[in-house]
Amino acid sequence: MADENQGAAAPQASNLPSMNLVGQYIRDLSFENPGAPGSIMAGGGNPAFNVSISVGVKKQADDVYAVELTLNAKANRETVVLFNVELVYGGVFRLKNVPEAQLSQLLMIECPRLIFPFARQVLASVTQQGGFPPLMMEPVDFAAIYRQNLAQLAAKQGAAPLTAANAETDKPN
């Protein structure tokens, strides 16, 4: 029975698709507390939050990509800005033997999903160190962001033909 299985061609481990997180980094971090210390001592209603997130990918080498999350959060109480924070948090990923058709989804959905909890923790820590309760972002549906970006790209392509200059955008909207 063992002889029968030896004749079958088994996939080589070196040919299987793989994804490795090489490292993580903060490329940019800015926290503004323009009303300090008054903003910390002032009472009032709950602030309004405006949070945005974007994903960018830059190829570093043959199988190595930098995936960056840009998180912007702003808290206002009426017309007064309590804080404004921007974080660009990245991960370096090594992708091997990934089919071209799956590469974009892996880079724009799975890679950001893996590094998001760490970026979220940095954001929470910075807002807390700034004198406010920690800003705990809800989980993000990166698949929905990916689909939205594809729809926007398709709309742009309908208006203008895709060229090499705009095909390699490192930060889709």
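Reader: By class, what is in the lining of the second largest pocket?
Author: The lining has 12 nonpolar, 2 polar and 1 charged residues. Keep in mind that this is a predicted model.

Reader: Which residues lie nearest the centre of that pocket?
Author: P47, F49, R77, F132 and P133 lie nearest the centre, out of 15 residues that line the second largest pocket.

Reader: And what is its volume?
Author: The second largest pocket has a volume of about 230 Å³.

Reader: Which elements give two or more residues to the lining?
Author: Those are α2 (38-41), β3 (64-77) and β4 (80-96).

Reader: Is E78 buried or exposed?
Author: E78 counts as exposed because its relative accessibility is 79%, and exposed means over 50%.

Reader: Which residue in the loop between β4 and α3 can you tell me about?
Author: N97 is in that loop. N97 is not a glycine either, and its phi is positive at about 55°. With a relative accessible area of 39%, N97 is partly exposed.

Reader: Let me step back. How many helices and strands does the chain have?
Author: The chain has 5 helices and 4 strands. Read from the N terminus, the order is α-β-α-β-β-β-α-α-α.

Reader: What share of the chain is buried?
Author: Of the 173 residues in the chain, buried residues make up 29%.

Reader: Which residues of the largest nonpolar core touch the most other members?
Author: V67, L69, L71, L95, L107 and F142 do, in a core of 34 residues. At least two residues of this core come from each of β2 (48-59), β3, β4, α3 (100-129) and α4 (142-159).

Reader: Which element gives the most?
Author: α3 gives the most to this core, with 12 residues.

Reader: Why would nonpolar residues end up in one place?
Author: As a general matter, in soluble globular proteins nonpolar side chains tend to be buried together.

Reader: Pick L71. What does L71 touch?
Author: Leaving out residues up to four places away in sequence, L71 touches S52, I53, V85, E86, L87, F116, A119, L123 and M137.

Reader: How much of the contact in this chain is between residues 24 or more positions apart?
Author: Taking the contacts with a separation of 6 or more, 69% are between residues 24 or more positions apart.

Reader: Where does V22 lie, and what does V22 touch?
Author: V22 lies in strand β1. Not counting residues up to four places away in sequence, V22 touches V92, F93 and R94. V22 counts as partly exposed, at 48% relative accessibility.

Reader: New topic. What joins A36 and P37?
Author: A cis peptide bond, with omega at about 0°. P37 is found in the loop between β1 and α2.

Reader: What about N33?
Author: N33 is found in the loop between β1 (18-32) and α2. N33 counts as buried because its relative accessibility is 19%, and the limit is under 20%.

Reader: What does the side chain of N33 reach?
Author: The N33 side chain reaches the backbone oxygen of G130 at 3.1 Å. With residues up to four places away in sequence left out, N33 touches S39, I40, L82, G130 and F132.

Reader: L82 is on that list. How far is L82 from G38 in space?
Author: G38 and L82 are 9.5 Å apart, C-alpha to C-alpha, and 44 residues apart in sequence. G38 is in helix α2 and is partly exposed, with a relative accessible area of 33%.

Terms used
Residues are numbered from 1 along each chain as its sequence is written. This is a predicted model: local features need pLDDT of at least 70, side-chain atom pairs count only at pLDDT 80 or more; totals for chains, interfaces and linings use all residues. Side-chain values use heavy atoms; hydrogens and water are left out. On a 1 Å grid over the protein atoms alone, a cavity is a set of points where a 1.4 Å probe fits but cannot get out, and a pocket is an open set with protein on both sides within 12 Å along at least five of seven lines; lining residues have an atom within 4 Å of a point. Grid points are joined across faces, edges and corners, and a volume is the space filled by probe spheres set on the points. Ala, Val, Leu, Ile, Met, Phe, Trp, Tyr, Cys and Pro count as nonpolar, Asp, Glu, Lys and Arg as charged, and the others, Gly among them, as polar. Buried means under 20% relative accessible area, exposed over 50%, partly exposed in between (1.4 Å probe, protein chains only). A polar contact is a pair of N or O atoms within 3.5 Å; within protein, one must be able to donate a hydrogen and the other to accept it, and residues adjacent in sequence count only if both atoms are side-chain atoms. Contact means heavy atoms within 4.5 Å. A nonpolar core is a set of buried Ala, Val, Leu, Ile, Met, Phe, Trp, Tyr and Cys residues joined through side-chain atoms within 4.5 Å.
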